Amino acid sequence: MTATFSTTAVSKATVSASGMRTGRLFRRDTGLSCMVAFDRTLLAGPVEHAIDARRACEAIVAAGPEAVLLSPGVLKSCGDLFADSRAPSIVLRIDYPMVGDFTLAGEEHHRMIATPAQAQAMGADAVVMCLISGYDDPRREADNLEAVAEAAHQCEAIGLPLIVEAVVWGSREGGRLDADRIARVARVGAELGADLIKAQFTGNPEDMQTLVQSCPVPVLVLGGAAMNDDAALARFTRDALGNGARGVIFGRNAWQRESVTQGIERLAGIVHKYGGK
């Protein structure tokens, strides 16, 4: 599937402020984006290869991805690493999804931890928040949906791009990567006002095509658990991009390794190989 910058991320001569900023998350010559998600420690605490947050951030920034996803606290302590015209864009997480491994007292919840305006004041170029399908209590799913809609309105008002992480993480989903369910929650996120969707990929190329074709905004793929297999990661990435994904937002598969900078540079090379066609 062909990926071109001008026909999806920014398609008109006159665009909104959020549209311009969304376009800056993509590389002009390829129309694709390689982002690194370094927000897992917000949810899981110190994990391997991220005990020293600053050291990990330094290695990520040195690789030159298009953007880095951070928590408010890490941005506050590492913001100087991004104070350079050559530095990656900043994407800030503004919510806390309490599901799966991140539940408290066995219950699932969703809470906002910052507003779009607060994120912008901290220097964020975009924000990300979850829309989760399958909460144990459907009322919490409704609350999550309402929070995304409100954030979309606030982002539009200040011209800040909103990336919705549309995922099937709720306990009622049973841990299954069901392509129809993924496509559904992605479409809902887009229709609530997301500028970009961050979604799961089943690994089946046809599922990626269905997801992309049914989602009216560009889709970026998340990586999930560390594969610890560069060949498998490369195949996963190529299958996603070759079937319509506009880029990746990989976390553990980007930085949970010994050679972080080199690993991300290699990933970026795979991503941008598919652009400019």
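Residues are numbered from 1 along each chain as its sequence is written. In this predicted model, local features need pLDDT of at least 70, side-chain atom pairs count only at pLDDT 80 or more, and totals for chains, interfaces and linings use all residues, while side-chain values use heavy atoms, leaving out hydrogens and water.

**Exercise 1. Find out what the pLDDT is over the chain and over residues 1–8.**

Step 1: pLDDT is the predictor's confidence in each residue, from 0 to 100. The protein chain has a mean of 92, and 93% of its residues reach 70 or more.

Step 2: Residues 1–8 have a pLDDT below 50, yet this stretch has 22 contacts (heavy atoms within 4.5 Å) beyond near neighbours in sequence. Where pLDDT is low, the predicted coordinates should not be read in detail.

**Exercise 2. Work out which way the residues of β1 point.**

Step 1: Strands (E, at least two residues) and helices (H or I, at least four) are DSSP runs, numbered from the N terminus. Strand β1 spans residues 33–37, and five of its five residues are buried; buried means under 20% relative accessible area, with a 1.4 Å probe and protein chains only.

Step 2: S33, M35 and A37 point one way, C34 and V36 the other. In a regular strand the side chains alternate between the two faces of the sheet.

**Exercise 3. Describe how α10 packs against α12.**

Step 1: Axes are lines fitted to C-alpha atoms, for helices over the stretch in contact, and angles run from 0 to 180 degrees between N-to-C directions. Helix α10 and helix α12 (residues 260–273) pack at about 30°, with axes 9 Å apart.

Step 2: Angles under 35 degrees count as roughly parallel, so α10 is roughly parallel to α12.

Step 3: Among the residues making the contact are A234 and L241 of α10 and L267 and I270 of α12.

Conventions
Buried means under 20% relative accessible area, exposed over 50%, partly exposed in between (1.4 Å probe, protein chains only). Angles under 35 degrees count as roughly parallel, over 145 as roughly antiparallel, 65 to 115 as roughly perpendicular and the rest as oblique.
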